[in-house]
Amino acid sequence: MPNPQLSIMVVDDTKFSSAVIGHTLSQAGYTDIRFASSAMAALAMHEERAASVMVADWLMPEMDGLQLTTRIRQRDEQTNHYTYVMLLTAREGDNVLGQAFDRGVDDFISKSAMSEQLLPRIFAADRISQLINRLLEENQLLARNNALLEEHNLIDSLTALGNRRYLLQRLADALQRVESRGGFCSLLVLGIQNYEDMGTRFGEHVQQELLRGAARRLQQLVRPMDVIARIGPGTFGICTVGSDADECKPNSFRRLHDGLNLKAFKTSEGYLSLRAGMALSTLGKNDPRIDADQMLQGVEAHLEQAWATNLITEVRIPQLV
């Protein structure tokens, strides 16, 4: 059964031919039929409201059916829409039709057999255009949903740790807790100095093996209540809250520094060693207020100093404000 709401555009510079096609389609039950006497007029109408099926004469002045199809395809790409293009032709031969298919034409109707071929081809075009446009809409919806999920995602897919967004949320909670209840919040940023070099020498697969190994080792070394996340390609962040300032000194985190630097990691390329540097900042109740993002960026900025000294660089609050 025909779909009465199918949007059909007939493009033909011959009024008689357009009238015959329009009459046949109307008799079959189609109601959304528009007529254009030239390719340029068809493009203007299509831009105003896209057609689902376009029936166009191959040979027209100024712009023929192939050129019209090219322009329609360009428009479809911009609008996430698919227009089923059907050309009316008296031309024959595989080479001619093959050229038209390469240009994006979907189907042909021989003018000599139009009375027999038109409606069956329109029925098929209706099904195919609906299917393609539904798939385009579903893909667009899927892309929007994926973007929304990514926007709210809190997990790093490679290491299964939290990601940067997760750390910032937990760090903001920790800073709020210190402000209201007292105590101390420490942020440790750990950067692998030879991360890029490992990728260049051994490839991305080994680079990822090292990251996963570093993540597992850090999980074993941190305290149960500490928050750990991968916050950059070769960078990890650890947030911890304590009641005693001595718990937040660089020496309290020496085990993490030594755990990554002094013991090699087993990979598919053998045992490889990492060079990791650490920068640390601690904020107490009486220190100036800063937000989580400001604190994280301030500590990250001191990683190069940590690499140069091979020590845990302590970042004072005045350096962050």
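Guide: Let us begin with the largest nonpolar core of this predicted model. This core has 27 residues, and those with the most contacts inside it are Leu-188, Leu-190, Phe-236 and Leu-256. Two or more residues come from each of the strands β6 (184-192), β8 (235-242) and β11 (276-284), and likewise from the helices α7 (195-202), α8 (204-221) and α9 (254-261). The element that gives the most to this core is α8, with six residues. In soluble globular proteins, nonpolar side chains tend to be buried together.

Leaving out residues up to four places away in sequence, Phe-236 touches a set of residues including Leu-161, Leu-188, Val-189, Leu-190, Ile-192, Leu-211, Ala-214, Ala-215 and Leu-218.

Another core, of 23 residues, lies apart from the largest one. Among its members are Ala-174, Val-178, Leu-187 and Leu-283.

We may now turn to β6 itself. This strand is mostly covered, since eight of the nine residues of β6 are buried. β6 pairs with β8 in the antiparallel sense, over eight bridges; within β8, Thr-240 stands opposite Ser-186. β6 also runs antiparallel to β11, to which nine bridges join it. There, Cys-185 has Leu-283 of β11 as its bridge partner, and Leu-283 is also one of the residues of the 23-residue core.

Key
Residues numbered from 1 in each chain as written. Predicted model: local features only at pLDDT ≥ 70, side-chain atom pairs only at ≥ 80, totals over all residues. Heavy atoms only, no water. Core = buried A, V, L, I, M, F, W, Y, C linked by side-chain atoms within 4.5 Å. Buried < 20%, exposed > 50% of the residue type's maximum accessible area, 1.4 Å probe, protein only. Helix = DSSP H or I, 4+ residues; strand = E, 2+ residues; numbered from the N terminus. Contact = heavy atoms within 4.5 Å. Pairing = 2+ DSSP bridges.
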